[in-house]
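Subject: Structure handover

Hello,

Here is the structure for you to look at. My notes follow below it.

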Amino acid sequence: MTDLRRRLLAMIDTDRGALVDLLSRFVRARSPNPPGDTRDAASVLRDWLDARGAPYRVVALDASMPNLLGSFEGTRAGPHLVLNGHIDTFPAVAADRWTGDPFSGRIADGKVWGTGCSDMKQGTASLVAVYCWLHALRAELGGRLTLTAVSDEETFGPNGARHLIERHPGEVLGDCLLNAEPGAPTTVRFAEKSPLWIGIDIETIGAHGAYPHKSPSATRIAAALIEDLAAVEQTDVPLPAAVARAIADGAREIDRIHLAGAAANMGRVTLNIGTWNGGSLVNMLPGRCTVEADIRLPWGLPSSSMIEKVGEIVRRHPPARMRVISSQEPQWSDPAHVMVDLIRRNAREVAGLDVRPIPSLAGTDARLWRQRGIPAFTYGTSATNVAMPDEHTDIEEWIGVVKTHALSALGYLTGDASK
Amino acid sequence: MTSLADTLLAAIDDRREDLIAFLQGFVRTPTANPPGETRQGAAYLEAFLKSRDLTYKVIAPMPHMPNLLAAFDTGRPGRHLVLNGHIDVFPPGRDEMWRHGGPWSGAMDNGRLYGRGTADMKCGTIASFATYALLHEHRDRLAGRLTLTAVSDEETGGKWGTGYLFKHHRDEVAGDCCLNGEPSSAHTVRYGEKTPHWLIFTVKTRGAHGAYVHMSASANKIATRLMAALESLTQIQPEMPAAVARNLADPAVRKALDDGLGKGAADLVPKVSLNIGMIDGGLKTNMIPSACRLEADIRLPVGVSKERIREAVARILEDFPEVSVEEASHPQDEANWCDPEGAMLRIIQDAADRVTGLRPVPVITLAATDARFWRLSGVPAYIYGCSPDLMGTYDESVGIEEFLNVVRVHALSAAAYLAPEGK
C-alpha cells in the first residue's frame with residue numbers, strides 16, 4: 001500500500017465519528033421529494049464543506065432545490081472524475097409503522113435510521129467527505145475532481161442533475177462518473193435498463209350499463225389490449241456481448257440481491273401496467289379508459305423499435321390511441337472500465353468483498369452521464385428498506401463503501417487508472 | 001246509461017286544463033333525489049287529496065321523505081288494485097344546460113311539458129292521482145278496493161319508500177294487482193325486469209417498483225384475467241318460465257324491444273349481461289400496482305337467480321386467491337316478472353288500443369322500478385306510461401297529449417279491473 005493510500009485511510013479513520021454524525025444530521029434535515037425542498041439538507045453538507053475549506057458553489061434553478069457544485073484541480077494533467085449524489089429523498093412512508101420517528105437519524109444497533117438514509121444520503125455524504133479528503137491531498141493528485149450533490153432526483157425533475165448537465169456540461173460531465181446510489185457493496189453497476197412510458201387512451205360513446213349492446217366498452221377494449229401488450233416481453237433482444245456476459249457471470253448475485261427472477265428479467269423487456277383507470281359509475285358502460293405502461297428496455301434495443309411494436313398492438317384495438325410519456329435509449333458503460341477494476345480491487349482490500357459488475361434494473365442520475373457518452377458507475381451500500389418503514393444504513397458496511405469510494409477516486413486521479 | 005269508460009273519458013276531456021296544470025305544478029316542485037328532500041312534492045299531492053276530501057295518511061320513516069297512502073273500499077266484494085308512483089326524481093344536473101328555463105320550469109313548448117322528472121315519473125304519478133280521484137267519484141259503479149301509494153325513495157333504492165311500505169304496511173299495499181305509470185312508451189306494457197347485480201372486486205398483491213416485475217404479481221394483470229374469466233357469466237342459461245319464453249319468442253315483442261331500446265335489445269333481455277363499469281388500478285406508472293378495483297354491473301334475466309351467480313363467481317374466484325368480492329346492489333332483489341298473459345295485461349292492452357289505437361306488447365325491460373316489490377311478493381304489477389326516450393336528459397319532457405293518454409289508459413284500466421262481476 002502506498003503512503004498516499006495509507007494517509008487517506010488514516011484520515012477516514014480519524015473522521016469516522018464525525019462522518020457518522022454527518023450522516024445522522026443529514027437524515028434529520030428532512031428533504032422528501034415531493035415537495036422537494038432540499039435547503040436544510042444542503043446546508044448540512046455545506047457546513048461540512050465550509051469547515052474543511054473545500055471549494056463549491058450553489059447552483060439553483062429553483063431556489064428551494066439548490067445543487068452543490070464543487071471542483072478542484074490536481075497539480076498535474078490527468079482525467080476528470082465527477083462524483084454524483086442526490087440530496088432529496090422519497091417521501092416518508094407509513095409513519096405509523098416506523099420503530100421511531102421517520103426522520104430521527106437515530107444511531108442504534110450499529111446503524112443510522114431514517115427516511116432517505118439508504119437512498120441515498122449515505123452515498124451523498126460519502127462523496128462529499130471523499131471530495132474534502134482528496135481536496136486536502138490535492139497537491140498529490142492529477143486531473144480534476146468535481147462534486148455534484150443535487151436536488152430533484154426522485155421525481156426525475158428538471159432542477160437537479162439535468163439542470164447541471166444542460167447548463168454546465170463543461171464542468172460536470174468529466175471523463176468518468178462515480179455515483180453512490182445504494183444497491184449492494186458486492187456489485188458495481190455499469191448500466192441501467194431504460195424506462196419507456198406509454199399512455200393509452202380509449203374513448204367510446206358509452207351508454208347505460210344495462211344496455212351493453214349500445215356501445216363498445218372502453219374497459220373491455222383496454223383489458224384485451226393489456227393482454228396483447230404482454231407480447232412485448234417476448235421481444236428478441238440483441239444484447240451486447242459484454243452485457244450478456246456480465247449478466248451471466250453475475251446471475252447468482254443478482255438473484256441474491258434482487259430476489260429470484262431478477263437476473264432473468266435483466267436482459268429482457270419487462271412490462272408493468274402501472275395504472276389502469278376507466279369509467280365513472282358502476283352502472284354506466286364506460287366511455288373512457290386510460291392505461292399507463294412502464295416498459296423497461298434492455299441494452300441493444302432502441303426505444304423506437306419498441307414504440308413501433310407497441311403502436312402496432314394498440315392499432316389492433318381501435319379506437320385506442322397511444323402516446324409516449326417518456327422514452328430514452330438504454331445505455332451501458334464498459335464493464336471492463338478502469339473504474340470497475342479500481343472498485344473491485346479496493347473493495348476486496350478494505351472490506352474483503354468480491355465485487356461483480358452488473359447492470360441495474362432501476363434508474364439513477366448516472367444515466368444522464370451515459371446518455372452524453374461518459375462512462376458512469378454506481379457503487380454503494382445495500383439498499384435497506386428503501387421507500388419502506390425503518391430505512392437504515394449499516395455503519396460498518398458503509399465505512400467500507402466510503403473507503404472504497406475514496407481509494408478508487410484516489411487511484412483514478414493518481415494514474416492507477418493506467419494499470 | 002253511459003258506460004263508466006265513456007263517463008271517465010268525458011270527465012278527463014272536461015278537466016283537461018286542470019290535469020295539465022296539476023302536472024305542471026308538480027313539475028315545478030323540486031324533488032331531486034339525491035338529496036331526496038320531497039316534503040314540498042308530497043305537500044303538493046296532499047293538497048290535491050284534501051281539496052277532494054280524500055283521506056290519506058303520511059308514512060314518513062325519514063321525515064324529509066314522506067310517503068302517501070290512500071285507499072277506499074267500494075263496499076262490494078272484489079279485487080284490490082294498487083296504484084303506485086314515486087315523488088322523487090333524478091338530480092337536475094346543471095341548470096344552464098336546460099333549454100326550457102331550468103329543470104323545474106314546467107315550461108310548455110310545442111305541445112310538450114319540460115322539466116326534470118316529467119317522464120320519470122311525474123307524468124305517471126299524476127295519472128295515478130287523477131285515476132284515484134276519478135274512480136272515487138264513481139265508486140258506486142265499482143267493486144273491491146283501490147289503493148294509492150306515492151313514495152319518496154325510488155331513485156336511490158326504495159328502502160324508505162315502497163320497500164318500507166311492504167315491510168310495515170304489507171296488508172294495505174300488496175293488493176291483488178299493481179298498476180304503475182313509469183315510462184314504457186305507448187308501444188309496450190312492462191311485465192318484468194332484469195335485476196342489477198353489482199359486484200366490487202378487489203385484487204391485492206404485494207406491489208413493488210415497476211422495474212422489478214419478478215418481485216410481485218401485478219394487480220392490474222390479474223384484473224385483466226379476471227375480466228376475461230367473468231365473461232363466462234354471460235353464457236349462463238336462464239331457466240325461463242314457459243309464459244316468459246313464449247313472450248320473448250314473439251316477433252312483435254322482439255320488434256318492440258329492438259325499436260324501443262336499440263337494436264340487439266331483444267337478444268339481451270334473456271341473457272346475463274356484464275359491464276365492467278369502473279376500473280381503478282395502480283398509483284403510478286413506475287410502480288407495480290398492489291391494488292386494482294373492478295366494479296361489475298351484471299344484469300340478471302328472469303330465470304337466473306342471484307344465488308346462481310354468486311356460486312358461479314365463487315367458482316371463478318377459486319382461481320384468483322388475490323381477489324375478494326362484495327355486493328353493492330340490494331341482495332334481496334331478483335329479476336322479476338308477472339304473467340304476460342294475465343287479466344290486467346289484456347285490460348291495459350284493450351284500454352290503450354281504445355285510447356291510442358296502439359295495442360302495446362308485453363315486454364321485460366332492462367331497468368329497475370318499484371314494481372319489483374309487488375312481483376317478488378307474487379302480486380302482478382304492470383307498467384304503462386309515457387316514452388322513456390328523454391328521461392334523465394336536459395330535454396326531459398312529456399307530450400301533453402301523451403300525458404293525457406296515460407291518464408285515460410290508467411283510469412279505464414283501473415275501472416275495468418274493479419268492474420263488478422257480470423259487467
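Leaving aside its neighbours within four places in sequence, which residues is B:Asp258 in contact with? The model is predicted, and in it the residues are B:Lys263, B:Ala265 and B:Ala266. B:Asp258 itself belongs to helix H9 of chain B, which covers residues 251-261. B:Asp258 counts as partly exposed because it has 16 C-beta neighbours inside 10 Å, and a buried residue would need 20 or more. From B:Asp258 to B:Leu268 the sequence separation is 10 residues, and the C-alpha to C-alpha distance is 9.8 Å.

Next, the contact between the two chains. Chain B contributes 43 residues to it and chain A contributes 41. On the chain B side, the elements that give two or more residues are strand S9 (195-204), helix H7 (219-230), helix H10 (265-268), strand S11 (273-281), strand S12 (287-288) and strand S13 (291-300). S11(B) supplies the largest share of that side, with 8 residues. By residue class, the side of chain B that touches chain A has 21 nonpolar, 15 polar and 7 charged residues.

S11(B) also pairs across the contact. Its partner is strand S11 of chain A, residues 270-278; the two run antiparallel and are joined by 3 bridges. Within S11(B), B:Ile279 is the residue that stands opposite A:Gly278.

Regards

How values were computed: Residues numbered from 1 in each chain as written. Chains lettered and ligands numbered in written order. Predicted model: local features only at pLDDT ≥ 70, side-chain atom pairs only at ≥ 80, totals over all residues. Contact = placed C-beta atoms within 7 Å. Helix = DSSP H or I, 4+ residues; strand = E, 2+ residues; numbered from the N terminus. Nonpolar A, V, L, I, M, F, W, Y, C, P; charged D, E, K, R; others polar. Pairing = 2+ DSSP bridges. Buried ≥ 20, exposed ≤ 12 C-beta atoms within 10 Å, placed from the backbone.
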